[in-house]
Amino acid sequence: MTDLSLYRNIGIFAHVDAGKTTTTERILKLTGKIHKLGEVHDGAATTDFMEQEQERGITIQSAATSCFWNGHRFNIIDTPGHVDFTIEVYRSLKVLDGGIGVFCGSGGVEPQSETNWRYANDSEVARVIFVNKLDRLGADFYRVVKQVEDVLGANPLVMILPIGTEDNFVGCVDLLTEKAWVWDNSGDPMNYEIQDIPADMVDDVAEWREKLIETALEQDDEAMEKYLDGEMPSLETIQACIRKGTISLAFFPTYCGSAFKNKGVQLVLNAVVDYLPCPTEVQPQPEVDLEGVPTGQFALVDVNKPLRALAFKIMDDRFGALTFIRIYSGKLNKGDTLLNTFTGKTERIGRMVEMHANDRIEIDYAQAGDIIAVVGMKNVQTGHTLCDPKFPATLEPMVFPDPVISLAVAPKDKAGSEKMGIAIGKMVAEDPSFRVETDEESGEVILRGMGELHLDIKVDILKRTYGIDVEVGKPQVAYRETITQTVEDSYTHKKQSGGSGQFGKIDYRIEPGEPGSGFVFESAVTGGNVPREFWPAVEKGFKSMIDQGVLAGFPCLDFKVTLLDGGFHAVDSSAIAFEIAAKSAFRQSIPKAGPQLIEPIMKVDTFTPDSHVGDVIGDLNRRRGMIKSQDAGVTGVRIKSDVPLSEMFGYIGDLRTMTSGRGQFSMEFSHYLPCPKNVAEEVIKEVQERNKAKAAKK
């Protein structure tokens with residue numbers, strides 16, 4: 001039986017280009033898992049194994065691997081940094097016990113770092129911080145520490161100080177042991193010496209060490225009292241306090257180095273062992289019922305409890321479908337039968353494998369705390385719970401954001417049509433933020449995703465991985481409709497055609513709701529004019545119509561319907577009659593309620609060198625952007641703004657042209673706002689023309 005205290009399930013997450021994959025690569029080399037380093041810029045990194053990742057030099061899907069350090073087993077997940085793939089970070093953090101947040105020494109806390117940090121806070125994941133790339137021009141460890149405090153509202157606990165910066169960065173001073181780790185320039189991580197503190201750093205080290213000890217001892221009143229009386233605590237006591245504070249998220253041990261130059265990574269690995277929790281030290285996963293309501297029970301991390309596991313990722317590769325699962329309690333043997341509580345069906349475990357990027361090692365047994373992959377599961381999707389059929393339970397499910405952008409694709413020939421259906425089915429199973437629907441009228445396949453890059457990658461996978469030649473339409477924005485006025489109205493549905501007829505009369509009020517409230521229904525009927533058993537039918541009728549707005553057929557959001565009164569017939573009234581009445585009432589009254597087109601507004605974070613700030617702001621204004629803030633950094637300015645998604649197509653190309661290739665941006669969905677009249681008219685006209693073209697094709 002494996003000792004769970006020797007397990008560390010960790011994720012590595014950061015903004016694009018902060019050096020996550022390079023850091024993972026160095027960890028694998030130091031732990032003896034790989035013998036030759038692969039570089040991201042050469043397209044040879046171990047965990048970036050997709051063709052698209054190697055070409056673009058970015059991580060697209062999270063990759064899992066295992067290794068050992070100081071007798072501890074690390075299960076590591078390297079996650080993407082690009083905002084279009086945050087879903088990969090979110091679902092990885094959901095199943096991890098700890099994380100390493102990597103920040104760029106010169107870029108500091110960048111937009112995607114904030115999103116990932118927020119996800120980690122939501123999932124209550126303990127973290128250590130690694131300030132990477134200290135060998136780069138403009139790198140400043142102390143500035144990044146200050147940004148972590150100001151921008152993320154976090155409490156970084158500085159554990160080591162850098163010796164030199166930029167080209168002169170040679171190593172770091174460990175504040176606890178008061179020793180300097182100095183590497184030579186050979187690039188071999190093992191070529192280091194442990195020396196005394198450089199003379200010019202003695203005062204700084206004393207000051208930061210005192211801060212470190214005082215912050216750590218806040219976790220132990222007795223040790224703090226002794227310290228205030230002049231008694232220095234032992235190294236073990238300080239480390240125990242740091243561990244306690246890290247696990248309770250009171251602070252985050254902060255390290256620095258240069259993963260690319262192989263400096264400082266060992267200290268981060270030691271920190272993972274010393275301060276990040278093992279599976280039994282984190283809050284157990286709450287169990288819920290089939291409606292998603294917490295039951296008050298928890299999946300305790302214990303090998304001897306009934307099996308509880310969460311499927312957090314599906315991946316299709318050359319050997320078939322792989323289901324990645326995190327086992328929270330119990331043990332799993334090859335050949336076991338598990339219950340999927342979401343589908344109510346059982347699944348037999350055929351082959352289990354331990355992953356190392358896209359290589360695998362067959363195993364026969366796994367237990368609480370393990371992250372493994374199972375080959376060939378049929379009906380399991382991301383977020384499903386697998387458990388012992390004798391002791392069923394459901395773990396808290398995952399919630400995924402709605403896509404904001406869509407694209408029409410069509411295969412160029414008939415043979416591609418069938419292949420595309422199978423390929424898209426696999427891709428949807430792998431990525432819950434990717435949705436697909438078929439336009440019944442035109443037969444077009446509509447792909448929906450989180451951003452231009454997200455859909456660009458999906459089309460690329462269709463073409464290259466599955467060999468399907470597709471024609472791609474231009475991206476479409478997910479507009480919505482809402483109402484601006486309150487309307488009180490009445491509708492009677494009456495039909496008589498021999499035998500029993502249909503009758504349903506409703507008096508109702510339709511009014512605008514709060515932004516983000518969706519569709520709300522309530523009944524204010526007193527007396528028996530509309531019997532209570534027909535109220536759900538009225539609600540169902542209105543609800544079934546919200547996907548078809550009256551302006552351009554976009555879904556209708558944020559309005560409330562109140563059933564005020566009505567009438568019924570003892571023989572002719574039925575649920576179906578009231579449902580039909582409600583549907584017709586929607587069509588009758590929404591046009592009177594001041595319908596309005598609303599558009600998705602994106603939170604855009606743009607980085608630009610100082611010399612191009614004016615151009616970039618001018619361009620954002622032309623795109624109907626609202627500038628929220630400007631933060632000047634050492635290497636440039638970060639501009640935060642809210643911009644309509646429809647104005648952001650092709651932005652990366654324009655930004656690079658304006659900034660001579662040095663600008664960067666990231667965006668994520670923020671909220672919906674009313675469209676200006678001219679834009680709304682154009683969108684409605686475009687939809688009408690599309691519909692005409694479809695009708696003509698028929």
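**A buried arginine, a covered strand and aromatic pairs**

Arg-243 is buried, its relative accessible area being 17%, which places this residue below the 20% limit used for burial. The model discussed here is predicted. Within it, Arg-243 belongs to helix H8, which covers residues 235–247. Beyond its neighbours within four places in sequence, Arg-243 touches Arg-8 as well as a run of partners that includes Val-273, Asp-274, Tyr-275, Leu-276, Pro-277 and Cys-278. Glu-281 is also in contact with Arg-243.

Strand S1 (residues 7–14) runs parallel to S4 and is joined to it by five bridges, with Ala-14 standing opposite Val-102. Strand S5 (residues 126–132) likewise pairs with S4 in the parallel sense, here over seven bridges, and Arg-127 of S5 stands opposite Gly-99.

In total, the structure holds 13 aromatic pairs. Phe-141 is buried, at a relative accessible area of 1%, whereas Tyr-142 counts as partly exposed at 34% relative accessibility.

A further edge-to-face pair is made by Tyr-508 and Phe-542, with ring centres 5.7 Å apart and planes at 65 degrees. Tyr-508 lies in strand S32 (residues 502–512) and Phe-542 in helix H12 (residues 535–545), so this pair ties together parts that are 34 residues apart in sequence. Tyr-508 counts as buried, at 1% relative accessibility, and Phe-542 is buried with a relative accessible area of 1%.

Finally, some aromatic rings have a lysine over the face. Lys-211 lies over the face of Trp-208, at 3.9 Å from the ring centre. Lys-458 takes up a position over the face of Phe-434, at 5.2 Å from the ring centre.

Terms used
Residues are numbered from 1 along each chain as its sequence is written. This is a predicted model: local features need pLDDT of at least 70, side-chain atom pairs count only at pLDDT 80 or more; totals for chains, interfaces and linings use all residues. Side-chain values use heavy atoms; hydrogens and water are left out. Helices (H or I, at least four residues) and strands (E, at least two) are DSSP runs, numbered from the N terminus. Buried means under 20% relative accessible area, exposed over 50%, partly exposed in between (1.4 Å probe, protein chains only). Contact means heavy atoms within 4.5 Å. Two strands pair if DSSP finds at least two bridges between them. Rings of Phe, Tyr and Trp (its six-membered ring) pair if their centres lie within 6.5 Å; planes under 30 degrees apart count as stacked, over 60 as edge-to-face and the rest as tilted. A charge sits over a ring if NZ of Lys or CZ of Arg is within 6 Å of the ring centre and within 35 degrees of the ring normal.
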